[in-house]
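Subject: A structure for you to look at

Hello,

Here is the structure I promised to pass on to you. Have a look around first, and then read my notes below.

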Amino acid sequence: MSLPNKRTISNTSNTNHTSSMKKAKSQTVACSVDSAKNGLHHDFNNTNNPDNDVVFDPSSLSLDEDLKTDDSRAPAAANLGRKKAQPPQPAKKLVIKLVKGKPTLPSNFEEDTWAKLKSAIKAIFLKQPDSCDLEKLYQAVNDLCLHKMGGNLYQRIEKECEAHISAALQSLVGQSPDLVVFLSLVERCWQDLCDQMLMIRGIALYLDRTYVKQTPNVRSLWDMGLQLFRKYLSSYSEVEHKTVTGLLRMIERERLGEAVDRTLLNHLLKMFTALGIYTESFEKPFLECTSEFYAAEGMKYMQQSDVPDYLKHVEIRLHEEHERCVLYLDVSTRKPLIATAERQLLERHISAILDKGFTMLMDGHRTEDLQRMYVLFLRVNALESLRQALASYIRRTGHGIVMDEEKDKDMVSSLLEFKASLDTIWEESFYKNEGFCNTIKDAFEHLINLRQNRPAELIAKFLDEKLRAGNKGTSEEELEGTLDKVLVLFRFIQGKDVFEAFYKKDLAKRLLLGKSASIDAEKSMISKLKTECGSQFTNKLEGMFKDIELSKEINESFKQSSQARTKLPSGIEMSVHVLTTGYWPTYPPMDVRLPHELNVYQDIFKEFYLSKYSGRRLMWQNSLGHCVLKAEFPKGKKELAVSLFQTVVLMLFNDAQKLSFQDIRDATGIEDKELRRTLQSLACGKVRVLQKLPKGREVEDDDSFVFNEGFTAPLYRIKVNAIPDEGNSGGEHKHYRESIPGPSISGSPPLLHVDAAIVRIMKTRKVLSHTLLITELFQQLKFPIKPADLKKRIESLIDREYLERDKNNPQIYNYLA
Amino acid sequence: MILFRWHAVASWTWDAQDETCGICRMAFDGCCPDCKLPGDDCPLIWGACNHAFHLHCILKWVNSQTPQAHCPMCRREWQFKG
């Protein structure tokens, strides 16, 4: 090679040149002209003598260097380098003088040069070594271009290339039926073409830089090569078709789990992209193929596997397709490809997936699978379906919990558990989606109010159990947590008044019997209710606590009082809870004839109380009183915790051995039904202090009772449980319902609400028909109420002259201001 | 059989002749219209004439009648009892 030689030449010429250029700046114009002229002259000479050893334009230093490093086969890079290094042309100030006559070209110059180039190009295409130095070839092109023969040269090169490319592609026709082999042949062909075109472009770089650039509508040599390849590829449509089919077949095989040559795929697809036929020739059939493939697969898998497996499979598939895009498909394909896969694998099966697997996943708390489902559904915008499935799942499951009357006992805890599991799923699987949160809330609200007042009652009862003493094993924090959870359910209740009534009743019992586990917990519950429903809701409950505190003070001062010290017979430790009538539940008054001793106690206390608080009336709530008795049985001393009624009955047996039902009734004056229950608790319950003759569960009129001489019990302190009213909680429930329309001075909340609502409506309307009034009332009143009750309230308001019936039409009410 | 500890329960109400307050017409066992809670928070007050009203009600009345207020029920001069 002549490289080192040439390098020195160009180097020196360059240094000369630059130094002279520097000089030119400081020296006179004439001087610079001279040196510049020299340079040009030199150049000119070279073009005249193409046979000379190559001498370069002084500005091509960088090209030289590139040539050296990259070898002469990388003209593209050289091209770039050269562009950068083009020196500023001081042309404006140059005056070029022609010293000799114009040199002429040899007449066969073009033909000769072309022949050389042609043989070189041929050699390149045939992959044969060519005798001619690449450097010389480059110079040849350079010369042709300088002599404005570029156009011709371009056409000749194009023709030459066309012949070869056409031949190359034709050779592929009818080649190997094996698709992989065929594909690698195509790849080989393409790679060769690329290499060859690069080489040709390298040689004819000057052509690309000058003629192609300056002439409009002429492709660069590279593009020309591509265009020719494209042209023949499509004209030998068998080749193109076979290639595309081969590619599709290979991808399908990969989808089916075979290992395929991904590099081959990558190269061929790059080819399609380079040829600009990727979208038309490959992507379209590819997407169709994908669609078909996944349609079939989706159908098959949906039938074969269960939902979690199917979802896993879909996830894997989508991941694979994504990989595919990274590895060999064009980037632009990613979106449509993933969309196609999603559509076929997911979108079409949304409802089937939900029908088949959602309940199972929810029941099994399979948060991971549910999360997968959520993420996948999110991709195809199917969250709404998922949300609906969730809603109907909650309703269905909850319906089972709420409507099963036999499981009333566990309803609240089941609901709490259910809610907790839903919350976990919501947090872990549904990414705390707000819409889903609302769905859960809505569904729960629906559930809780399915059965009118029953859930409210059960929630109150549940709280009672939690707040009642003897609930061992739960720490304060746990209790607090439970209360908070229950409060969530409470929020869903529409009939909050019903809840209040039941809660109040239970609270009263806890407070009066001293059964509350912790006053702190009670107060914390009250404050929770207060934040939830406002102070209006809890005022009375708080009043109950106040009464209890106040009662303690009263008892203290009673003990210290002169009345107690002087008049009170000793022996009985008495404490009294004084209740403010309006705060507490209303208790039906119960008559009882107390032993004289107790009457004395009561009278003394009453005297004391009324002296302290004038203007009041004190009423004894004997049904709520309870006592502790010391009893001496033949087989041991016992302490009995009993109600006042039980006490009164038992005291009778101090003076008599055997008493008939009639006797007891006459002596105590306790109301018949109540007495029967009292006797039942003493003689037929777990703890039998009395014996009934004859034996039996029910107390009959002719029964008689004797003191149980043989009474034994393992413990010293014994509680004699009372038989609950009506025997079950359903009775209490009924009792509450019946109490709504009853005349009650303290006014249970619903009554006041109803009255207030009626007056409010009538005040705005002045005149309204019965039907319209009732309709409007149902809209305004948030708690369930029977029309008959409303009617009674209207009657009552008419009595109190808030309203009157129209004189002409009794169906119409007038408001009386 | 000896009774030695007794928790009794009693409830109190206002001891007035009427059921309702003569001013606000609300039950004495309820409260005056300005209050939310009956009982100690909304006490009754008796006049020298032995008519009872919600304290809040009669105070409003007395303050509106200058210089001398009369019992809304019997028109006698209003004096707080006791």
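Chain A and chain B bury about 3900 Å² between them, and 56% of that area is on carbon and sulfur atoms. Please keep in mind that this is a predicted model.

On the chain A side, 47 residues are in contact with 26 residues of chain B. Between the two chains there are 21 residue pairs in polar contact, both residues being at pLDDT 80 or more. Which element of chain A gives the most to the side that touches chain B? That is β1(A), with eight residues. By class, this side of chain A has 25 nonpolar, 15 polar and seven charged residues.

The two chains also share strand pairing: β3(A) and β1(B), residues 2-14, run antiparallel to each other over five bridges. In one of the pairings, L629(A) has L3(B) in β1(B) as its bridge partner.

Chain B itself has one helix and three strands, in the order β-β-β-α from the N terminus. Of its 82 residues, 45% are buried.

Now to the charged pairs. Side chains of opposite charge can pair when their charged atoms come close. The structure holds 43 salt bridges over all chains, and the count between chain A and chain B is four.

- R324(A) and E254(A) form a salt bridge with their closest N and O atoms 3.3 Å apart. R324(A) is in helix α15 and E254(A) in helix α12, 70 residues apart. Both R324(A) and E254(A) are buried.
- R510(A) and D464(A) meet at 2.6 Å, N to O. R510(A) lies in helix α24 and D464(A) in helix α22, so the pair ties together parts that are 46 residues apart in sequence. R510(A) is buried, at 1% relative accessible area, and D464(A) is buried at 5%.
- R676(A) and D701(A) meet at 2.5 Å, N to O. R676(A) lies in helix α31 and D701(A) in the loop between β6 and β7 of chain A, so this pair ties together parts 25 residues apart in sequence. R676(A) is partly exposed at 21% relative accessibility, and D701(A) is partly exposed at 36%.

Enjoy exploring, and write back with any questions.

Best wishes

Terms used:
Residues are numbered from 1 along each chain as its sequence is written. Chains are lettered from A and ligands numbered from 1 in the order in which they are written. Side-chain values use heavy atoms; hydrogens and water are left out. Contact means heavy atoms within 4.5 Å. Buried area is the accessible area (1.4 Å probe) that two parts lose on being put together, summed over both. A salt bridge is a side-chain nitrogen of Lys or Arg within 4 Å of a carboxyl oxygen of Asp or Glu. A polar contact is a pair of N or O atoms within 3.5 Å; within protein, one must be able to donate a hydrogen and the other to accept it, and residues adjacent in sequence count only if both atoms are side-chain atoms. Helices (H or I, at least four residues) and strands (E, at least two) are DSSP runs, numbered from the N terminus. Ala, Val, Leu, Ile, Met, Phe, Trp, Tyr, Cys and Pro count as nonpolar, Asp, Glu, Lys and Arg as charged, and the others, Gly among them, as polar. Two strands pair if DSSP finds at least two bridges between them. Buried means under 20% relative accessible area, exposed over 50%, partly exposed in between (1.4 Å probe, protein chains only).
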